[in-house]
Amino acid sequence: MKALQKFGYPLFFVIMALLPHLLDSRWQAVAITFLIFTVVALSQDITLGKSGMFNMGQALFFGMGAYTSAILNHQFGWPIIATIPLAILIPAIFGVLLAGPIVHLRGDYLLVVTIGFNIVFVQVLQNNLGGITGGPNGIFGLDSLSFFSVNLTSQLAVYYFAFLVLLLTLLVMRNLEKSKTGRALHYLREDQLAAESIGINTRIYKIFAFGLGAGIAGLAGTVFATQYAAVSPEAFEFIQSVLFFSIVLVGGSSVPGILIGVFVMFVLPEIFREFATWRYFIFGFAMIAAMILRPRGIVPATFGKIPKFLLKGGKDGVE
Amino acid sequence: MDIFLQQLANGLTIGSMFALVALGYTMVYGVMRLINFAHGDMVAASAFVGLTIYTQVMGQATSLGAVIVIFLLTAAVMACIGILLERLAYRPLREAPRLSAVVSALGASLVIQNGIMLIWGPRMRIFPELVPQVYWDLGGVVISLIQVIILALSLVLMIALYLFVEKTRMGAAIRASSIDQDAARLMGINVNSVIALIFIIGSSLGAVGGLFIGLYYRGITFNMGWQYGLYAFIAAILGGIGNIPGAMLGGMLLGLFNAFIAGYVSSTWADAFTFILLILILIVRPTGILGERVAEKV
């Protein structure tokens with residue numbers, strides 16, 4: 001693992017930075033999708049993998065970010081770049097508000113309620129609430145990226161935008177893991193009762209995890225809206241949430257595992273297009289097999305980043 | 001008043017279908033603490049299996065005897081698939097972390113759903129008219145023979161299941177296993193056969209539910225399992241998951257609620273209202289209406 005972290009990540013970043021120049025435009029689009037869905041899966045990992053909350057509604061926040069950007073751009077004429085702060089904030093606020101009343105629910109109940117949020121969200125979009133979501137067709141004809149009057153229409157620009165968002169997300173995840181908050185989340189995932197008894201305010205941390213995950217997913221939504229210059233409800237259906245949920249658990253809630261998961265789920269089907277109708281049939285079997293063979297995921301996450309000053313008391317003290 | 005009585009009749013019909021399907025969820029959850037996500041797709045599959053038995057095996061006969069045979073055969077086929085599902089997808093994961101079994105259930109759901117699509121095609125199929133179209137007009141309220149059959153048969157099945165679980169030795173084994181599997185094993189109960197039994201009962205009740213859905217709505221699609229399964233699952237949670245009378249109560253309640261929303265408000269918002277009801281009930285009673293308040297195991 002150490003060697004992987006030392007050389008694996010820089011190598012991965014260099015490859016991803018050079019990648020779009022080696023691909024034609026169709027594969028560039030696939031690569032952008034890969035980056036966006038990786039960010040969403042990582043945001044899902046904050047609630048599901050890192051904090052152990054059964055959240056099966058992440059597509060809601062992804063969609064909310066996409067729709068925030070689309071509505072601000074299309075109805076109010078904001079440039080896409082300017083919509084980013086709100087596309088992060090609005091889903092994050094909704095994440096906090098929605099999580100508030102439900103985080104105390106036991107695992108499976110939480111799962112169903114988050115599915116419910118996702119389905120209500122899609123129904124709101126389809127019924128065109130307030131006349132701004134565009135109904136079942138969604139909103140199309142969004143502006144392309146522009147930055148201080150420099151117009152970045154090319155797909156390459158979207159790719160690097162998505163790549164930048166992925167790098168930011170990875171940075172946030174890395175800092176989270178090293179921080180007090182990250183340790184609190186990890187502890188409450190391992191044993192909520194014990195976490196509470198040593199004075200961790202589990203409720204606050206759970207809500208925080210929801211808000212953070214929602215904000216990151218919202219940002220990914222902006223990139224998604226930019227890539228297609230359109231948004232529509234079916235991209236944020238609850239089946240998408242199921243896919244993100246499965247990717248995190250099959251991957252093992254670690255960054256390499258999630259990358260593999262997203263690759264298998266969204267890139268392989270593009271390579272084997274002739275098997276499109278068999279796609280989910282095969283995935284279903286693969287999910288069962290992966291869980292039976294590796295119940296903790298393909299690359300199980302290790303939580304080893306405990307700062308040195310805490311380890312002073314001796315090796316046995318912490319783990 | 002007419003709308004009220006009409007929606008009451010419709011609600012009881014839909015509710016009894018929800019309840020039949022919800023029983024499958026709740027029984028599996030009660031013993032295994034697992035949301036069997038594949039159950040909704042099993043229900044969808046049974047409508048298609050029933051369709052094929054009707055055309056291929058029964059030669060499109062619609063006599064009373066033939067209909068009974070179609071129901072029994074479909075239930076038997078689905079019971080076998082249920083056992084197979086448990087053996088292949090759930091039994092290897094009984095000692096694994098709980099979320100692994102959830103992912104396996106989601107995988108099984110995808111396999112069954114897309115299996116239906118690969119066998120019967122992606123387009124909507126029309127379920128045969130097994131029951132004659134007879135309607136009675138009771139002073140402005142129209143009730144069909146199908147509705148009466150669905151309601152009556154569901155009630156009979158539910159009462160039979162309730163008596164089976166409460167009054168027989170095997171029922172006692174099911175109850176014991178759902179309280180504590182290890183203790184049940186120590187008392188000489190074969191938990192593996194209890195779980196197999198639960199999958200047989202749950203899948204056959206689901207099969208009847210699936211055939212009812214076909215009879216009542218006529219159009220069946222390969223992906224309808226998510227929709228009906230989710231509603232039935234909500235019904236199970238409303239009543240208190242793991243609780244058999246709770247699933248029946250939850251199913252009826254949800255059916256009536258849906259019918260009245262469709263009758264008085266708007267059917268385009270039915271899903272949203274259903275989930276708002278669920279969320280409100282869970283905020284007030286976190287373990288459902290009849291669910292006992294259990295402390296999380298430490």
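Biologist: At what angle do helix 3 and helix 4 of chain B cross, and how far apart are their axes?

Modeller: The axes of helix 3 (residues 64–90) and helix 4 (residues 98–120) of chain B cross at roughly 130 degrees and come within 10 Å.

Biologist: Why is helix 3 of chain B called oblique to helix 4 of chain B?

Modeller: Angles of 65 to 115 degrees count as roughly perpendicular and those over 145 as roughly antiparallel, with oblique left for the rest. The angle here is roughly 130 degrees, so helix 3 of chain B is oblique to helix 4 of chain B. Their crossing is right-handed.

Biologist: What makes helix 9 of chain B oblique to helix 10 of chain B?

Modeller: Helix 9 (residues 224–239) and helix 10 (residues 244–265) of chain B pack at about 120 degrees, and their axes are 7 Å apart. That angle therefore makes helix 9 of chain B oblique to helix 10 of chain B, given that roughly perpendicular ends at 115 degrees and roughly antiparallel lies over 145. Helix 9 of chain B also passes helix 10 of chain B in a right-handed crossing. This contact has ten nonpolar, four polar and no charged residues.

Biologist: Which helix of chain A gives the most to the side of chain A that touches chain B?

Modeller: Helix 12 of chain A does, with nine residues. In total, 29 residues of chain A are in contact with 33 residues of chain B. The chain A side has 20 nonpolar, six polar and three charged residues.

Biologist: Where is confidence lowest in chain A, and where highest?

Modeller: Helix 13 (residues 308–311) of chain A is lowest, at a mean of 61, and helix 9 (residues 202–228) of chain A is highest, at 92. Over residues 314–319 of chain A the pLDDT is below 50. Where pLDDT is low, predicted coordinates should not be read in detail.

Methods
Residues numbered from 1 in each chain as written. Chains lettered and ligands numbered in written order. Predicted model: local features only at pLDDT ≥ 70, side-chain atom pairs only at ≥ 80, totals over all residues. Axes fitted to C-alpha atoms, helices over the stretch in contact; angles between N-to-C directions. Helix = DSSP H or I, 4+ residues; strand = E, 2+ residues; numbered from the N terminus. Parallel < 35°, antiparallel > 145°, perpendicular 65-115°, else oblique. Left-handed = near helix turned anticlockwise from the far one by under 90°. Nonpolar A, V, L, I, M, F, W, Y, C, P; charged D, E, K, R; others polar. pLDDT = per-residue confidence, 0-100. Contact = placed C-beta atoms within 7 Å.
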